[in-house]
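Please keep the sequence and the model in view while reading.

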Amino acid sequence: MADNDDIEPLLAIAEDLDADEDAREPHHNDEGIVAVIPVADQSVATGSYSLAAPDHHITYDTNLPLSHSYLGNDLEEYSGRTLLDDNSCQIIPALPLPNVVLFPGQTLPLNLHSNRDISTIRQVLSTDRTLAVLTVTLDETSNTMHLSNVGTTAEVISTKEDIEAGIDNIKVKAIGRQRFCLKDCRQTSTGVLMANIQIQAERILQHPLRGVQHAGWARQLIHSVATNQVSSLSNPEFIRYKRAQLRRPSLATHWPAWLYKQYDPDLLTIQIKLELLSWNSGLSESQMPTTQIEFSYWVAANLPVPDRLRLRLLELDNSIQRLRLELFLLASCTVLCCRGCPNPHRIASNSDMFSMSRGGPMAAYVNPQGWVHDTVTLHRAVGVRLIGRPSTEASWFPGYAWTMGQCKRCRAHLGWKFHAVTKGLTPRSFWGLCRASLTPSVGDTTESSDTEPLRPIL
C-alpha cells in the first residue's frame, strides 16, 4: 500500500502542475502526430484527476521474488562489477532469447539446458563474466526469425551447474549493464555465438533553456544535470521553482513555456509517477530508482508493451527522449488484451496491475524448461480459463501455488493464477500473465477504428 506521505505530495503537485494559461495547447497537429502533453496538466485543469482505488492489503514479503529462490539457494556468488568503455567495440559471447528485451539494471534469471548455451556460460565465466543478450524477433511477413540490432550486456552474478535426469543444466542470475548495437556475429566450432558489438554511451542533454537562463538559475541547472537526480516530490516549493525556472526564460524565446515543459526531465519524472499512481496507488516512490537514467530504465522494464516498443526504448540514447516515449505509452495503453485472438478482447486494465515484487509490477522469471517470461502481476483478469491442478513446484512466489491459465476464446497460454498456500499471506490470490501473450490497447476494444496509430514526437 502507498503511504499517505507518498501520495499527498503528488496530489499537491498535480493540483499545481499547470495553473499557467500558456498550458492550453492542442493534442494533435495538422499531420495527425500527437505530442506528449503532460497527462496531469489536462486532467487537473478539468478537475477530473484521481488516483486509482486503493489496492488490497499486501502482507507478502515483496523482496522474495527478487531473490529467485526457485533456482536454488546454493548458487555460487561472484563479486565485482564489470563496465566496458563507452563507444568501444567488443567481441563477446552472445545469448539470443525470444520475447526478452533486457534493460540496464534489470535482473535476468536463466535455466539453461542446451550444450551451446552451457558452453556460452562457461566461456563467459572464464573471462569477465559479461555476455551480450539479444532479442530473437519474428518477421511476420516472411515468417523468419531475426536477431535484434540492439541489446544489453549482462554480467553474471551467480551460477550453479548441475545434472538433472542425466542432462547437464546450469542456473544463472545476471544483471543488465550497458546498451550496445550489434555490428555482426559468428558461430564458433563449439557452437558459441560470438557478437561484435559497440557499447552505446548515454548522452546527457543540456536543459533546453540553458542558453537563456539567468546565471543563478544556470548554476542550479548545471547541478541538476551533473547529479542526474530524480526530482524530490516531497518539497512543496519544488513545483513553484520549476514553473518560474521555465516560464521566465521562455519569454526571451520564440516558444511558449509549455513546450519546454515537455522536455524538462524533472517534470517528465513527476508526470510519469502521477500516471503510475493513477494505475496503481499501491506503488511507492521508495521502489523507484533515484537517478533519471536509472528511473527511465526502470519504467521501461515495467511497461507491458510488445518487443518492438521495448527495443525502441532501448535504442534511445538519452533519458529525456526515453521518458517522453514512456509517458506517451503510459497515457495511451489502458487495456491489456489477448494477443492470440483475431479480435482482441480485454483481459485486464492498467488499474488491475500491482507489485508483488519490490522491483515493480513486472519482472522476468524462468521456468524449469528454460523459458524466460516477463510476467506482470494483476489483481484481476477476465476471459481466462484455469487448466490443471495447483502446484508449488518451482513457484516464482514462495508461499503460493500456481495454476496455468489460457484464453477462453483462442485457447492460447496467457499465464498463471497464484493461490496462497501459507496462512496469513495476502493477497490470497492474484494473476501473473506473460507480457508476450498480451497486447496493450486504448479504451474499449469492442469498437473498431480505421485511423492510423498515434505517433509520439520525441
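Two strands are said to pair if DSSP finds at least two bridges between them, and the elements themselves are DSSP runs numbered from the N terminus, with helices (H or I) of at least four residues and strands (E) of at least two. The model is predicted, so that local features need pLDDT of at least 70 and side-chain atom pairs count only at pLDDT 80 or more, while totals for chains, interfaces and linings use all residues. Residues are numbered from 1 along each chain as its sequence is written, and side-chain values use heavy atoms, with hydrogens and water left out.

**Sheets**

Six strands, in the order β10-β11-β15-β14-β13-β12, form an open sheet with antiparallel pairing. Because β10 (362-366) and β12 (384-391) stand at its edges with a single partner strand each, one side of each is left without a neighbour in the sheet. From one strand to the next the twist averages 35 degrees. Within this sheet, β14 (residues 413-420) and β15 (residues 429-434) pair in the antiparallel sense over five bridges, and F418 has F430 of β15 as its bridge partner.

Another open sheet, also with antiparallel pairing, is formed by three strands in the order β9-β8-β16. Its edge strands, β9 (346-349) and β16 (438-441), each pair on one side only, and here the twist averages 30 degrees from one strand to the next. Strand β8 (residues 335-338) runs antiparallel to β16 and is joined to it by four bridges; the partner of V335 in β16 is S441.

**Helix packing**

Axes are lines fitted to C-alpha atoms, for helices over the stretch in contact, and angles between N-to-C directions run from 0 to 180 degrees.

**Cavities and pockets**

On a 1 Å grid over the protein atoms alone, a cavity is a set of points where a 1.4 Å probe fits but cannot get out, whereas a pocket is an open set with protein on both sides within 12 Å along at least five of seven lines; lining residues have an atom within 4 Å of a point. There are three cavities of 30 Å³ or more. The lining of the largest cavity includes L276, W279, W298 and V299, and α8 (265-279) and α9 (292-301) each supply at least two of its residues.

The table sets two spaces side by side, where Ala, Val, Leu, Ile, Met, Phe, Trp, Tyr, Cys and Pro count as nonpolar, Asp, Glu, Lys and Arg as charged, and the others, Gly among them, as polar.

| Space | Volume | Lining by class |
|---|---|---|
| Largest cavity | about 110 Å³ | nine nonpolar, two polar, no charged residues |
| Second largest pocket | about 790 Å³ | 15 nonpolar, eleven polar, six charged residues |

Of the 32 residues that line the second largest pocket, P104, G105, Q106, G176 and Y297 lie nearest its centre. The elements giving two or more residues to this lining are α3 (64-67), β6 (167-187), α9 and β10.

Methods. Points joined across faces, edges and corners; volume = space filled by probe spheres on them.
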